Amino acid sequence: MDKKEIKSIEEVKEMVDLFYAKVREDDLLSPIFNHVIKDNWPTHLVKMYRFWQTVLLEEHTYYGSPFAPHAQLPIKGLHFDRWKRLFLETVDDNFMGKKASEAKFRAEKMAEMFQIKIEHLQKVNT
């Protein structure tokens with residue numbers, strides 16, 4: 001498969017779809033995602049398209065707070081490690097160029113921030 005650059009919403013959708021296909025099959029992550037999202041995957045994917053379209057293409061279609069829905073999830077460092085690994089693999093296997101590098105950088109930073117905030121909330125609530 002030829003790697004492509006992320007230039008438009010079509011590549012953003014492809015990246016999101018490929019990544020979440022892996023998440024939905026993953027033995028560690030799928031129980032958490034499927035429990036929360038249930039049968040609302042199409043709605044979730046549209047949100048993710050808009051999020052990454054805003055981040056990577058600077059086309060502002062996502063409005064909201066990405067952290068809030070994750071704040072109370074029962075997740076730990078190993079979940080973030082797996083999420084990052086699957087995301088980086090998806091991008092590396094299918095995309096190249098500046099936007100692909102930016103997607104990986106942003107995903108890693110977002111995961112690190114979410115992990116720190118969630119661990120703090122878990123400590124405060126115990």
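Ala103 lies in helix α5, which spans residues 98-124. The model is predicted. Ala103 has a relative accessible area of 0% and is therefore buried. Beyond its neighbours within four places in sequence, Ala103 is in contact with Met15, Trp52, Leu56 and Phe87.

In soluble globular proteins, nonpolar side chains tend to be buried together. The largest nonpolar core here holds 38 residues. Those that touch the most other members are Met15, Val16, Tyr20, Phe33, Trp52, Trp83 and Phe87. Two or more residues come from each of α1 (9-25), α2 (30-37), α3, α4 and α5. Helix α3 supplies the largest share, 9 residues.

Aromatic side chains were examined next. A pair of aromatic rings is described by the distance of the centres and the angle of the planes. With ring centres required to lie within 6.5 Å, the count comes to 10 aromatic pairs. The rings of Phe33 and Trp41 have centres 6.3 Å apart and planes at 25°. The pair counts as stacked because this angle is under the cut-off of 30 degrees. Phe33 counts as buried because its relative accessibility of 15% is under the 20% limit. Trp41 is likewise buried, at 3%.

A second pair, Phe51 and Tyr62, is edge-to-face. Its centres are 5.4 Å apart, with 90° between the planes. The pair links distant parts of the chain, 11 residues apart. Phe51 sits in helix α3 (residues 41-57), whereas Tyr62 sits in the loop between α3 and α4 (77-94). Both Phe51 and Tyr62 are buried.

The two pairs belong to one aromatic cluster, formed by Phe19, Tyr20, Phe33, Trp41, Phe51, Trp52, Tyr62, Trp83 and Phe87. With neighbours within four places in sequence left aside, Phe33 is in contact with Tyr20, Val23, Lys38, Trp41 and Trp83. Of these contacts, Tyr20, Trp41 and Trp83 are cluster members along with Phe33.

Technical notes. Residues numbered from 1 in each chain as written. Predicted model: local features only at pLDDT ≥ 70, side-chain atom pairs only at ≥ 80, totals over all residues. Heavy atoms only, no water. Phe/Tyr/Trp six-rings, centres within 6.5 Å; stacked < 30°, edge-to-face > 60°. Buried < 20%, exposed > 50% of the residue type's maximum accessible area, 1.4 Å probe, protein only. Helix = DSSP H or I, 4+ residues; strand = E, 2+ residues; numbered from the N terminus. Contact = heavy atoms within 4.5 Å. Core = buried A, V, L, I, M, F, W, Y, C linked by side-chain atoms within 4.5 Å.
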